[in-house]
2 protein chains.
Amino acid sequence: MLVGPEELIRAELARHRAADHPRLSIINATEVVTMDDPLEVALRRKKDSSMRVAINLVKDGAAQACVSAGNTGALMAVSRYVLKTIPGVDRPAICTLIPNQKDAPTYMLDLGANVDCEPQHLHQFALMGSALVSALDEKPMPTVGLLNIGEEDIKGNEVVKQTAALLRADHERGLLNFYGNVEGNDIFKGTTDIVVCDGFVGNVVLKASEGLGRFVKSALTAEFKSNPLNMLGAIIARGAIKSFSRRMNPSRYNGASLLGLRGLVFKSHGGEDAYGFEWAIKRAYEAAKHDLLARITTAIAELMPQEGGVQAAAAPNAVQN
Amino acid sequence: MLVGPEELIRAELARHRAADHPRLSIINATEVVTMDDPLEVALRRKKDSSMRVAINLVKDGAAQACVSAGNTGALMAVSRYVLKTIPGVDRPAICTLIPNQKDAPTYMLDLGANVDCEPQHLHQFALMGSALVSALDEKPMPTVGLLNIGEEDIKGNEVVKQTAALLRADHERGLLNFYGNVEGNDIFKGTTDIVVCDGFVGNVVLKASEGLGRFVKSALTAEFKSNPLNMLGAIIARGAIKSFSRRMNPSRYNGASLLGLRGLVFKSHGGEDAYGFEWAIKRAYEAAKHDLLARITTAIAELMPQEGGVQAAAAPNAVQN
């Protein structure tokens, strides 16, 4: 289902000779949330935005997942407002994929939805990330690393130390596969499947990495174009350069997940081409197919205090230690 | 002055035919702080370590600066214990240099000495970083950016928002050149001369960047070696590859500063060659030559409440707003 201003979508489909594609349908929405719209506008004024209409389709069960390339803050706010959070989830999180040296994704969360986190929030992020990777990559017990400034238990700030205690307790109960602390370089080494951090750190690391990536690309391009001999070398070795670019291409890792909501919402980068968009849709499809929502709901339910649930009640108490 | 076990130093100097160099002297120290030594051992047990003896030379005025490639945590702890902090500085910080797209360094602090920062700490880091860049690069008013998850004033966590208010007040008083919020990618764009953040974020970003750098290098090398045609291209374009490597070479940016102490201490990466070490020594030399200590002392003194100093007292109050 393609959601948006119907005429625009029809015109685009016609251009691609797909106007009558049997597996495409159009859901009209008269408004669009722009990249500059304040949350206020996205939430209260544009009630017929493509974003809102698409998320409503998820809420109503007409769609099993929503994929959007729009304003991330608005997407999270509207999703949260329309879908609400899963019981036991204090705050939804954004989980993105980063290429690593093992030619696999490192899943990192949170990526900016939560800037001041308490241990129980990071704890929930770990469980939700673990559920996501088990659904998308069919790994029953993916490894979880806690982003810190050293591997030793004594390192880090108070929030991280208390989170580590919660995750170790989960590990002992068999709820997740906690590797321990990881450092910044482990993200790209692929030491763990999942890296958990607060939204401030995650956002800064992601943007710094994107910035360094652009810097490397522009410096390398400039050198290869600096004189005819270098250009010749680059032409001869173009296979290597293409293969390198493909390996570093973030499009392959497109499709961040908004986790903790009562519905599946995925975020594509705004500037993606068809290849990148395909990956975001594929991830949403896999999440629906492998019932990500049920996995997260179950994982979080394990933590909630319940009658007779002595062990389940133990984890939140550990925060006060 | 070369500080360490005398026999080892003499043997190395002989190997390099510099045993009688008129501008080299040897100061014996019988112990060495290892990379694994707990701070406790560095501080209380190894009182004749090369690190301790070298820092004592700075304290006694025999040396104007100390350059060490040793254990960073121990270097900071011993420096702080021996030299003490400058009046008004709550916590010393570590400031490192990162290459940016403008082929200049971005100075970033703190890099791991302080994991839980209050606004007044980040405020002091900004002033100390500004003093450092003015001394090393002879820029009278270097630009200061506050690392955040967006450029707008409303973005970020509470600590960052309150810090921004303090820095804006300094800017209005002409104490520093506050650019405003910067994001992770700005570090590599070189948007500001200085980027201020807490030690947790700084450490994670630095290690993530180093990790991504190694990933890019290994992936690129592997592609160029993947078949004879690619190897041929790489040989023809070797000028471009060398120039690119030189530009990305972190050795040129070697020499982090321990700021806020009553003495100059610089930290070299452990694995540096002569070229990298030269840069660390050069930075220590420039800092001494341009009287970095006096610059920091003056900058911090401006902030301290004093009789009749209405404006000076205003900044700390802003924290409570």
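How many salt bridges does the rule find across the interface of domain 1 of chain A and domain 2 of chain A? The rule finds zero. Here a salt bridge is a side-chain nitrogen of Lys or Arg within 4 Å of a carboxyl oxygen of Asp or Glu.

This is a predicted model, in which local features need pLDDT of at least 70, side-chain atom pairs count only at pLDDT 80 or more, and totals for chains, interfaces and linings use all residues. Residues are numbered from 1 along each chain as its sequence is written, chains are lettered from A and ligands numbered from 1 in the order in which they are written, and side-chain values use heavy atoms, with hydrogens and water left out.

Start with the two domains of chain A. Domain 1 covers 1-84 + 261-284, and domain 2 covers 95-213 + 291-321. These bounds come from an automatic or database domain assignment. The C-alpha centres of the two domains lie 28 Å apart. Seven residues of domain 1 are in contact with six residues of domain 2, contact meaning heavy atoms within 4.5 Å. The area buried between these domains is about 540 Å², and carbon and sulfur atoms give 77% of it. Buried area is the accessible area (1.4 Å probe) that two parts lose on being put together, summed over both.

Now turn to the chains. The size of an interface is often given as the accessible area lost when the parts come together. Chain B and chain A bury about 4500 Å² between them, with 74% of it on carbon and sulfur atoms. On the chain B side, B:Ile149, B:Phe200 and B:Phe215 lose the most area to chain A, together 16% of what that side buries. In contacts, 52 residues of chain B meet 52 residues of chain A.

The structure holds 16 salt bridges over all chains. Between chain B and chain A the count is two. A:Glu183 pairs with B:Lys207, their closest N and O atoms being 2.2 Å apart. A:Lys207 forms a salt bridge with B:Glu183, where the closest N and O atoms are 2.1 Å apart. That pair runs from helix H8 (residues 199-224) of chain A to the loop between strand S7 (177-182) and helix H7 (186-189) of chain B. Helices (H or I, at least four residues) and strands (E, at least two) are DSSP runs, numbered from the N terminus.

What of the enclosed space? A cavity is a set of points, on a 1 Å grid over the protein atoms alone, where a 1.4 Å probe fits but cannot get out; lining residues have an atom within 4 Å of a point. Grid points are joined across faces, edges and corners, and a volume is the space filled by probe spheres set on the points. The count is two cavities of 30 Å³ or more.

The largest cavity has a volume of about 50 Å³. Its lining includes B:Ser257, B:Val265 and B:Phe266. Strand S9 (256-259), strand S10 (264-267) and helix H12 (292-301) of chain B each give two or more residues to this lining. By class, the lining has nine nonpolar, three polar and no charged residues. Ala, Val, Leu, Ile, Met, Phe, Trp, Tyr, Cys and Pro count as nonpolar, Asp, Glu, Lys and Arg as charged, and the others, Gly among them, as polar.

The second largest cavity holds about 30 Å³ of space. Residues that line it include A:Leu258, A:Gly260 and A:Ile296. H12(A) gives the most to this lining, with three residues. Domain 1 and domain 2 of chain A both contribute to the lining, so the second largest cavity lies between them.

How values were computed
On a 1 Å grid over the protein atoms alone, a cavity is a set of points where a 1.4 Å probe fits but cannot get out, and a pocket is an open set with protein on both sides within 12 Å along at least five of seven lines; lining residues have an atom within 4 Å of a point.
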